[in-house]
Amino acid sequence: MSTPLPGFEEFGEPEPVAPGRQGPDDAGNSRTGPGAVSPQEPLQGLLHPAAADRSQARPAGGREIAPGAVHVPGWLTVAQQRELVAACRGWARGPAPIRHTKLPRGGVMSVQTVCIGWHWQPYAYTRTADDVNGARVAAFPYWIVELGRRALVEAYQDAAAGDGYTPDTALINFYDGQAKLGMHQDKEERSGAPVVSLSIGDTCVFRFGNTETRTKPYTDIELASGDLFVFGGPSRFAYHGVPKVRPGTGDPASGLASGRLNITMRVTGLDG
Ligand code: MD3
Ligand code: FE
């Protein structure tokens, strides 16, 4: 008998139906079969620029924490958060299910991760999830590329900032109330293109360090549901981590009853 992954029970729970929706299959997607809500098109298209209703969102532009590192609180509307949560639930089910990543020296990460586009396993990207079930990873949908470009335009307040930005992988991290992520650099990508991070659910303490050491100096920032963070330029290779999640701080209207979801899109610089 298999033991459910801690935290996955809540993450895998079907979200309540939003007011005004007929039901979970109003876009023709089954939420129970393989690949359910793993949409090449988001359910209601709210993540497409043309369809996005920004009236509930914070005005664009954010705070520059360090050169190239920009935090935009409240960037995603609640409706967009729900749509992203639904898509992430689909990817969490497969083709390679979400898991606690095993580290080469025998450790296991408290965070649970599922990847799209490319599969990340410490410390390399592959097209198949060899440390999970060997399945080929889910395709990276174009609507996420568009979302990433719009994130750069709005964070950097530069209409051209998204030009030529074509992320090809995303790591989707789920944190239960106890999960943490130690200070690390992301350097498996052979590209200095920015990383776009989206947070949903419980607030966390995000620790943004420096490029030289995994210790001080660092800046602690709270990342809440709907927040965008872009890491470009010299910040791209800075050490960072998540020392703490604040359980119970998220609004279930995001689609997540508990825990924290973080989506980071990246350019691997790999082909094939
Ligand atoms: C700065 N994730 O997946 S997002 C990761 O909240 C990761 O799950 C954290 O660190 C999370 O690797 C932090 C912010 C983030 C992500 C990637 C970065 C910041 C980054 C890569 C380079 C520099
Ligand atoms: Fe990271």
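Select helix α3, residues 142-156, and colour its buried residues: Ile144, Leu147, Gly148, Arg150, Ala151, Leu152, Glu154, Ala155 and Tyr156. A residue is buried if 20 or more other C-beta atoms, placed from the backbone, lie within 10 Å of its own. The model is predicted, with local features needing pLDDT of at least 70 and side-chain atom pairs pLDDT 80 or more, while totals for chains, interfaces and linings use all residues. Residues are numbered from 1 along each chain as its sequence is written, and chains are lettered from A and ligands numbered from 1 in the order in which they are written.

Next, display what covers these buried residues, including β2 (69-72), β7 (169-175), β9 (195-201), β12 (228-231) and β14 (260-266). Helices (H or I, at least four residues) and strands (E, at least two) are DSSP runs, numbered from the N terminus.

Now move to the end of α3 and select glutamine 157, which follows the helix and has a positive phi, near 50°.

Then select ligand 1. Which residues come nearest to ligand 1? Of the 15 around it, they are Asn173, Asp186, Ser197, Phe231 and Asn262. β7, β9, β12, β13 (240-245) and β14 each give two or more residues to this shell, in which a residue counts if its C-beta atom, placed from the backbone, lies within 6 Å of the ligand.

Finally, show the whole protein chain, which has three helices and 14 strands. Of its 272 residues, 40% are buried.

Methods:
The expected span of a helix is 1.5 Å times one less than its number of residues. A residue is buried if 20 or more other C-beta atoms lie within 10 Å of its own, exposed if 12 or fewer, and partly exposed in between; C-beta atoms are placed from the backbone. Two residues are in contact if their C-beta atoms, placed from the backbone, lie within 7 Å.
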